[in-house]
Every structure is written in C-alpha cells, then in structure tokens.
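Here is a friendly walk through one protein model, with a few local features picked out along the way. Have the sequence and the structure open as you read.

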Amino acid sequence: MSLQRQQTERPTAARAAARRRLAPVRRSETGAGSLEALRRHLEEAISSHHPSADLKDVDRAFDFAVEAHEGQKRASGEPYVTHPIASAQILAELGIDPTAVEAALLHDVPEDTEYSLSDLEDRFGPEVAHLVDGVTKLSRFSTHTHEQQQAENIRKMFLAMAEDIRVVLIKLADRLHNMRTLAALPTDKQLRIARQTMEIYAPLAERLGIWQIKWELEDLAFKVLEPERFHELARLLDTRRKGRETYIDRAIDALRTELKKAGVTAELSGRPKHLASIAKKMQRKSAEFGEIYDVYAIRVLVDELKDCYAALGVVHSLWRPIPGQFDDYIAVPKNNLYQSLHTAVIALDGKPLEIQIRTHQMHQVSEVGIAAHWRYKDGSKSDREYDAKLAWLRQLMDWQRDVSDATEFVEGIKLDIFQDQVFVFTPRGDVKDLPAGATPLDFAYRIHTDVGHRTIGAKINNRLVPLDYRLKNGDIVEIVTTKGEHGPSRDWLNVVRTGHAREKIRQWFKRKDRDENIVHGRESLERELRRLARKSIQAVGLERLAEIARSYNYDGLEDFYAAVGYGALSAQQVVTRLGVADDAELALPAVAPPTLPARTGGVRVKGVGDLLVRFARCCHPIPGDPITGFITRGKGVTVHLQSCPTVINEREVSRLIEVEWEAAPADSYPIAIRVEAYDRTGLLSDITQVVAENRVNIVAATVAVSPDHTAVVTATLQVASVSQLARVMGRIEQLKDVISVQRDLG
C-alpha cells in the first residue's frame, strides 16, 4: 500500500496510549491551508454524486488521517497524508459511497501508524474497519519470500473483495495514485510495482469495467516498463497531433451532416488515445504505427439503443467498412457488461478510422463500470447488472477454497480472470465467457462439475471435435455425456485451461484411489526429474524429498506422492523447489549466440549494499538455480551454480558469499532444450507456436531427422526462470508425436 517514505520518529508508547483513549483529534498546523483546499475538493466530489449525503463522518476521517500520519513523509518529500486523501478523491470522483471514501482516507492507518483496526472500529464503526482490513497488507514479519508475501496479500484482497467489492475499488485508487507518483522511488521498485500493476491491477480494473482507471494504470506502467518505446509512440502521436485533430474534425463534420439527414441525434467527439493500447495492437498485429486503426478514432453517443444501429448504418453507407473490424458488444456485452458497437472504415483521404457507437448510459457505465452501482442503485436493473458483473468473482472464490498455495492462486487469477476472453453459446443460446484457449472441457465444468466428470465428447457448431479443441468466439458448444459411472482422465489436467476445471478434476482423483495416486505421483516426479535435471528420486535422496514434503505441509512421503498424483502439486513445481534443475553445467549448443550479454540484475547479495554482480560463463545460472557468489578482486561478485566445479574446487573459501535471486528478475537467459519426436509435417511449427504462446523467444533452432523417421529439435530459448522453462517444456511434451523433452546439457 505505502510507497517508500522518510518518516519522523514514531509516537512513543505513552503517546499512542493517550491517542487510543479517542480524545478529540486536532487538525495539523502544517500545511493547513492546502489541506483545507483538499478537504473542500473532496467534499465537492462526493456531493456531486450524493447531494443529500451527510459528510460529517468523512470530515472526521479526514481529520483522523491527518493526525495519524502527522510527521510522516512520502519518498517525494510531501506529507504522507496527501496519499490517502488523493486515493479518497479518486473514489469520490467515481461516485462510490461516502463510507468507502472514509475507508480510503484511513486505509494506511493500521499499517503505518500506531493505531490498530480496533481503534478504527471504535471510532468509525465495523463497516469502515472491515474495508480498511481488506486492503491492509499481512504482517511484514513473515517467513515467506517477497514473492510469496505479495501473493498472500493479493489473495487476502480477493477474499475481502468477494465479501465487499469496495475493498478492491479502494485498492485500485491507492494503486493509481501510487503509480502517478512512482518517479520518487528507486528504479528497481518502480519496475516491480509497474510490472504488478500491468499483470494484476490494470486487468482487474478492466474486468470491473472501470476503463478510465484501466487506461491510466496501463499507460503509467508502460512508461516505466518500456520507457523508450513509450516516448517514441508519444513522439509519433505528438508529431501528428495537429494533422490528426484536423482530420478528426473533418470526419466529425462529414458524419454529423449524414446523421442529421438520417434523423439521428448524436454527440460526436474524438476518442482519447492510450499509448499502451496502441503498443499492444502493434505487437499483436505485427503492425506499424500508421496501420493501427484507432490512432484516428471517433466516439458517437446517442440517446436510445435503436439509434446505435441507425448510426452504424449511416457510417457504413458513408465510408467503406474494413472487413473483420466490426464488433457488436451491445448484442453480446463483454464480461464486464461493457456495451458498444466498434467498427473501422476507410474514411477521408483513404485513411483508416475507428468508430465507437453507444448510448449515453452505456458510456457512463463503460467509464466507471462497477462503480455505476453506487450512482444508480435505486433500481432493480442496476442490482441485476451488479450481480452479473460479480458472477466471475464468485466462481473464483468457489475455486480458491481448494487451493492452499497463494502463488498458485495468483497464477490461476492471471489465467482465469485476466487473459483475453472468448464468448461461446450453449445450444439454448446462453452466452458463456471463458479464457482464450479454453477447451470444451472447460466449458463442461463451467456448466456443472458433474457435467464435466461425465463428458465423453463435444460438438462445436454441430460437428464433433476433440476435447482439446480451442474454443473460438461465436462457437455453439454441446457437451456429450454418459449416463453411467464415469470420471475424468488424468490427461485432462493437461487439456483444461481454467483453474476451476483443473481443481474439480484434482478433487475427483483425490477422493478416488490413494494407492493409485501414490504410484502415479512418484512416477510423475521421477519423469520430471529425469527430464529437467537428468536425475532420479534415488539420486536426490529420500531425506531431501521428505524435507521438501514438509515445506508443503505433508508429514509423510506417501501423502506427498499422492498430492502430486492427484494434481494438488505439479511435478514441475516440486523439481523447481528441490533446486536440482541445474546441477549439471549448462553448455549452449552451437546454434546459440557465441557470447552471452552481460547481466547485472536479478541477484541480491545478502547483508551487503549495492555491489557489481556478474554471471559466471562457466555455468550460466538462471533464476531458480541454487547459486553462490564469489568475490573477485576489482570486479564485484561473480554468481555461480552451487554445483559449479569452479566454485567447488576454489581454495579461497573466505571469498564465497551468500546470494539469492530477486523476487521478480527482469532479465532473460538463453537455455537450450532437446525435443525428440516422430517426424511429421508441421512439427517445428507446432513447437514454435507453443513457445510463442508462453511468451518465450526462440533464439535459434535446428532439426535433425534420422533414417527411422525420428526427429531431434535443438532449440535455444530466452527464458526468465526455471519454472517458466518447465512450463514450456511441459506444453511441448503434450504435442502430438513428441517422445521426450529435456534440457540440452551438451
């Protein structure tokens, strides 16, 4: 929640005790004028949406926040209280109720001052205290790694969010203001916060339909993560700004004239440009800046639903539509109930122009999403829309009850909630949304767990398809089930894409047969060890396995093997935790680049300040490998694998130093893999597609075919960690005709 700050000395215990007697709060003398201006601005924003609201409690919360954070500074040097006030201002402008605004003003009090949640409950009531608790981080005094603690905090937020959606709205406001003021932090923290914003918070704002926050979060994160690209796109937009504005004005005049002739009353405007969106489209379509349609864009707002389609007809009669660029999100709203008509046309001077058409009410909902519930909650229609917007969240919470690991929970969120969606239909015409890449099995489990378990086939658009078919927008899906006893196949765990379906399959196997799960789990672990590390369970040792089992809260190896067998733990996950994935020296194949780029990030030297860090070329460690550091004269610390012969044979033990991987390394590393398969047309294409889908680059690849028609593909992948490498190898192994996938250790 809090940005790094330079705080004055915290209050003494005696002073804190005095405060807890809930004496009247005095207003700070420091910056009183500017604070009063912020107070008036906040009250005006609340009153504009809730004119009859009593602002007495908001005023008390404002005073309390000023007093509680007295003397604390942000990294920028500003009084710390400006942050919760700014967060509250964002919520007030969205139209959220005054109670949530109170909680936003107080959201950092338990975490960063001597006041506790019980103090807030005594003074402001249980509702405000509950909201504050939902956005308060877990204790900093934790045995978890930074990454695990972040995952636990996100999980805590989602649990609280399921009970009261205002929790996440406060968190989004908090994150938005932190992103606006990110420049005061060190670069590594900026990168970590921006990456998490792009992965979690911007997609969450989109899923809740709060587009005005989503766009700003994305652009701010994009500016930090890819500054050169950001400034280049900004320069291109600015260079063409005058010409673009003139062009948009001409197009609006032409369209307005035709709409009037057709009797359609409309409000026309140029649509704001978002750099992150343009960058994504350029990457997704492999297009240049000038080929992106929404660089030139118009928004058309009309009064009634019928006018939307009338306006669309006018647009398409005036200018030629571009094939494949029309989307009707009114007939089939997005999963966050966003509604609009999108089309792209070849307009004036032969230039592409994107046009969005919607009613004024649709536009209000599109801007503030779920927040519209607090603006228009006096009618039953709003309540139905509110419930529909949160259906996905209830499904998520149903799944999470069965997931013990917080990191796995967050990864499931990214897969199930924040990926692109596909919209498919049941035979009755009901719309279901699923993550892109979902299969008929995911659809079956979305309908009902029992339907999923009894699935024996699937029809798409009345034609039989395999169960690993990837659903496409508009597909009509029919699940073929059996009436007799039936259950899922273990292979289905590799077919389904949603965490919900995967967890239901795991539960079935968990209940089924313990002995079978133990055997299957041991075999899976043995196979994964040989594939990733060329080791066996015997070589690792039962004592080491028992130690890892205890780290996952399993007392015995049989319970541990059974958990792997029914899928509660993945074999890849266990091998990564064992830290044996790279005990052998990594030798890149001849197809790899002759020299590796210098890498200086991603590793922290324990107990020491900033030191120059280099990576040993003799063993090429990557994140997830067990590592150690060796102090070199005049060259800082060189990072080796713990098993590297250079380190093992080094006589000067005193120069060894403990190092560890950063939680979120930004570097990538060239690693070679060897794929053995039966030769067939399209084999290499399928492998490269799997690699691309996992957002991994192929540096180089070669194929050798034997007389017996087996092929060996040697590829060098640019990966970020052992776990990412394991995921890619696992997906490749599932491809048709693939025999084995291993790291190529030379």
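## Two loop residues with positive phi

His709 sits in the loop between β19 (697-705) and β20 (710-719); strands here are DSSP runs of E with at least two residues, helices are runs of H or I with at least four residues, and both are numbered from the N terminus. His709 has a positive phi of about 70 degrees, although it is not a glycine. Most residues other than glycine have a negative phi. Is His709 buried or exposed? His709 is exposed, with a relative accessible area of 56%; exposed means over 50%, buried under 20%, and partly exposed in between, using a 1.4 Å probe and protein chains only.

Asp349 belongs to the loop between β5 (341-346) and β6 (352-359). Asp349, not a glycine either, has a positive phi of about 60 degrees. The relative accessible area of Asp349 is 55%, so Asp349 is exposed.

## About the model

This is a predicted model, in which local features need pLDDT of at least 70 and side-chain atom pairs count only at pLDDT 80 or more, while totals for chains, interfaces and linings use all residues. Residues are numbered from 1 along each chain as its sequence is written, and side-chain values use heavy atoms, leaving out hydrogens and water.

## The chain as a whole

The protein chain has 32 helices and 21 strands. Of its 746 residues, 51% count as buried. The accessible surface of the chain comes to about 34900 Å², with 49% of it belonging to carbon and sulfur atoms; these areas come from the Shrake-Rupley method with a 1.4 Å probe, and for residues only the protein chains shown count as cover.

Among contacts in the chain with a separation of 6 or more, 67% join residues 24 or more positions apart. Contact means heavy atoms within 4.5 Å.

## Nonpolar cores

Which residues touch the most other members of the largest nonpolar core? They are Leu42, Leu91 and Leu106, in a core of 59 residues. Helix α10 (residues 166-180) gives the most to this core, with eight residues. A nonpolar core is a set of buried Ala, Val, Leu, Ile, Met, Phe, Trp, Tyr and Cys residues joined through side-chain atoms within 4.5 Å. Leaving aside neighbours within four places in sequence, Leu42 is in contact with Val58, Phe62, Ala88, Gln89, Ala92, Val101 and Leu105.

Another core, of 45 residues, lies apart from that one and includes Phe443, Val451, Leu529 and Phe560. Phe443 is also one of the residues touched by Thr426, together with Lys432, Ile447, Ile476 and Val477, not counting residues up to four places away in sequence. Thr426 lies in the loop between β7 (421-425) and β8 (431-435), and is buried, with a relative accessible area of 10%.

## Two helix pairs

The axes of α10 and helix α12 (residues 211-225) come within 10 Å and cross at roughly 35 degrees. Axes are lines fitted to C-alpha atoms, for helices over the stretch in contact, and angles run from 0 to 180 degrees between N-to-C directions. Leu172, Arg175, Leu176, Met179 and Arg180 of α10 make the contact with Ile213, Glu216, Leu217, Leu220 and Ala221 of α12.

Helix α3 (residues 56-68) and helix α7 (residues 117-124) have axes that come within 12 Å and cross at roughly 150 degrees. Here Asp57, Arg60, Ala61 and Phe64 in α3 meet Leu120, Arg123 and Phe124 in α7.
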